[in-house]
Amino acid sequence: MSTVMAREDRLLRHGGEAKIRGAPLLVVRIAEIEGRGRAVVASEPLRAGQIVIRDSPILLYSALPLTILPPPHQPQQQHYHNLYCSNCFRILQKPSIPTLVSCSSCSSALFCGSNCRSVALSSSHTPWVCQALTRLRDCPSPLQLHHHRDRQVQARFLVAAYNLALVSPSDFQTLLSLQGDCSSTAQPEEAALFLHFLISSLCPPLPSQNSTGFGFSLELTASLLAKDKLNAFGLMEPFSEDTQRSVRAYGIYPKACFFNHDCLPNACRFDYVDADSATQHNTDIIVRVIHDVPQGREICLSYFPVNLKYSDRQRRLRDDYGFTCQCDRCKVEANWSDEEDLGDDSNSDEEKDEELMDEDLDEHMDMADSATEDCSVVNRDDDFPHAYFFLRYMCNGNNCWGTLAPLPPSGVTPSSAMECNVCGNLKYYKELMDGDALHQ
Ligand SMILES: C[S@@+](CC[C@H](N)C(=O)[O-])C[C@H]1O[C@@H](n2cnc3c(N)ncnc32)[C@H](O)[C@@H]1O
């Protein structure tokens with residue numbers, strides 16, 4: 001067992017249940033499930049819409065490429081298009097606001113105000129991060145970092161992670177305790193080799209043995225990258241019907257990272273990053289159950305939009321998360337044939353994907369039409385919950401494909417308003433069943 005793994009084991013395992021940073025979990029617990037690792041399980045019956053976890057990130061980093069940012073007070077609005085505060089990650093919509101400030105020593109970070117800047121200077125944007133990002137951004141072109149957006153984002157993660165070891169050793173230990181390590185592969189991945197070389201040759205030296213006891217090494221770099229790949233949550237750009245949405249920042253959330261995946265999840269997560277600037281913790285994520293969940297049942301999220309077709313889901317889960325999904329929906333859809341559905345060969349792959357998705361959904365919807373007569377189907381363990389799921393819990397907004405969860409119940413009364421976790425619109429149960437959802 002590697003040093004990293006041995007330490008992880010000591011830090012984490014505690015009577016079969018994992019210790020979790022921060023406030024104790026109340027309505028859920030973390031349990032080990034064979035073949036699935038740690039999992040979030042309801043410790044009491046949960047009501048539709050109930051919040052099960054509210055979680056703050058231990059680490060947040062930008063998903064944007066390493067570029068020189070425009071100076072504050074830059075009058076041209078377009079320069080700020082899709083730029084975010086480097087601390088709170090709210091969108092910088094108003095370039096003329098007098099509070100916009102940049103880092104005083106680099107042009108890699110822009111903040112929505114002096115408060116965010118001073119928080120960042122003592123946490124996520126320390127002098128070491130400032131120099132490291134500047135040197136990586138200006139790295140000589142033969143090293144090819146400029147052409148490789150994914151590697152730039154991974155470099156940002158590694159800089160943020162090694163900085164975490166310096167500024168918050170306990171959070172760094174939490175990061176090390178998450179699933180993902182390099183011990184399963186004999187050779188460190190190419191990304192780890194490349195990025196480790198880049199950081200060790202370009203960035204200011206890190207203390208060889210910091211207070212966490214972990215030295216800067218290729219093994220640790222590879223392990224950190226694996227943890228990021230399996231556990232990071234993306235905070236998306238604001239929703240727009242017309243454009244493809246991408247990630248504005250990635251975060252490591254020490255409780256939410258225990259949710260396993262299901263292609264028909266019973267919970268979904270919300271974030272409100274662009275909430276009122278007076279709101280603290282705007283990068284928290286909140287997980288709510290989408291329907292009643294009995295005590296002892298595992299609570300799962302979907303790691304991607306629920307509309308993906310079977311083969312794409314299987315591929316992503318295998319390639320990105322290292323497991324074969326055997327959820328109820330996959331068992332049913334494993335018998336469906338993609339080849340039969342491929343249709344006109346002249347269409348692009350994207351068009352084919354959309355057609356397949358529409359056909360998959362049509363099939364679900366047909367089943368759902370006959371299922372809606374009997375609302376009890378939601379609790380049945382056969383094919384129908386799949387169809388019912390799409391009708392009731394998938395947003396039908398243009399280009400959205402979000403998941404709907406009821407607003408939190410007030411007392412014992414469930415809410416009839418369903419909130420979409422992608423577009424944010426509210427829909428009402430009756431309109432959903434009538435196929436005429438009300439957008440507000
Ligand atoms: C974000 S972590 C979830 C928590 C993880 N089980 C743990 O022990 O820390 C993601 C990893 O959990 C495992 N996992 C998630 N969903 C799974 C599922 N439906 N079946 C099997 N393993 C799953 C996979 O190893 C995946 O890479």
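Helices (at least four residues) and strands (at least two) are DSSP runs, numbered from the N terminus. In this predicted model, the protein has 13 helices and 17 strands. Strand E4 (37-42), H7 and strand E11 (260-261) each supply at least two residues of the shell around the ligand. Of the 440 residues in the protein, 38% are buried. Among contacts with a separation of 6 or more, 64% join residues 24 or more positions apart.

**Ligand shell**

- The ligand is surrounded by 16 residues, and the closest are Gly 37, Arg 38, Gln 179, Asn 260 and Tyr 321.
- The largest share of the shell around the ligand comes from E4, which gives 3 residues.
- By class, the shell around the ligand holds 7 nonpolar, 7 polar and 2 charged residues.

**Helix H6 against helix H7**

- Helix H6 spans residues 190-202 and helix H7 spans residues 218-231; their axes come within 9 Å and cross at roughly 125 degrees.
- The crossing of H6 and H7 is right-handed.
- On the H6 side the contact involves Ala 191, Ala 192, Leu 195 and His 196, which meet Leu 218, Thr 221, Ala 222 and Leu 225 in H7.
- The contact of H6 with H7 has 6 nonpolar and 2 polar residues, and no charged ones.
- H7 also belongs to the elements that each supply at least two residues of the shell around the ligand.

**Helix H4 against helix H6**

- The axes of helix H4 (residues 149-167) and H6 come within 11 Å, with a crossing angle of roughly 60 degrees.
- H4 and H6 are therefore oblique to each other.
- The crossing of H4 and H6 is right-handed.
- H4 contributes Arg 151, Gln 154, Ala 155 and Leu 158 to the contact, while H6 contributes Ala 191, Phe 194, Leu 195, Leu 198 and Ile 199.
- The residues of the contact of H4 with H6 comprise 7 nonpolar, 1 polar and 1 charged.
- Ala 191 and Leu 195 of H6 take part in the contact with H4, and Ala 191 and Leu 195 also meet H7.

**Asp 181**

- Asp 181 sits in the loop between helix H5 (169-176) and H6.
- Asp 181 has 20 other C-beta atoms within 10 Å, so Asp 181 is buried; the cut-off for a buried residue is 20 or more.
- Asp 181 and Thr 243 are separated by 62 residues in sequence and by 35 Å in space, C-alpha to C-alpha.

**Ile 58**

- Ile 58 lies in the loop between strand E5 (51-55) and strand E6 (59-62).
- Ile 58 counts as buried because 22 C-beta neighbours lie inside 10 Å.
- Leaving out residues up to four places away in sequence, Ile 58 touches Asp 171, Thr 174, Leu 175, Ile 252 and Pro 254.
- Ile 58 and Asn 231 are 173 residues apart in sequence, and their C-alpha to C-alpha distance is 12 Å.

How values were computed: Residues are numbered from 1 along each chain as its sequence is written. This is a predicted model: local features need pLDDT of at least 70, side-chain atom pairs count only at pLDDT 80 or more; totals for chains, interfaces and linings use all residues. Axes are lines fitted to C-alpha atoms, for helices over the stretch in contact, and angles run from 0 to 180 degrees between N-to-C directions. A crossing is left-handed if the near helix is turned anticlockwise from the far one by less than a right angle, and right-handed if clockwise. Two residues are in contact if their C-beta atoms, placed from the backbone, lie within 7 Å. Ala, Val, Leu, Ile, Met, Phe, Trp, Tyr, Cys and Pro count as nonpolar, Asp, Glu, Lys and Arg as charged, and the others, Gly among them, as polar. A residue is near a molecule or strand if its C-beta atom, placed from the backbone, lies within 6 Å of it. Angles under 35 degrees count as roughly parallel, over 145 as roughly antiparallel, 65 to 115 as roughly perpendicular and the rest as oblique. A residue is buried if 20 or more other C-beta atoms lie within 10 Å of its own, exposed if 12 or fewer, and partly exposed in between; C-beta atoms are placed from the backbone.
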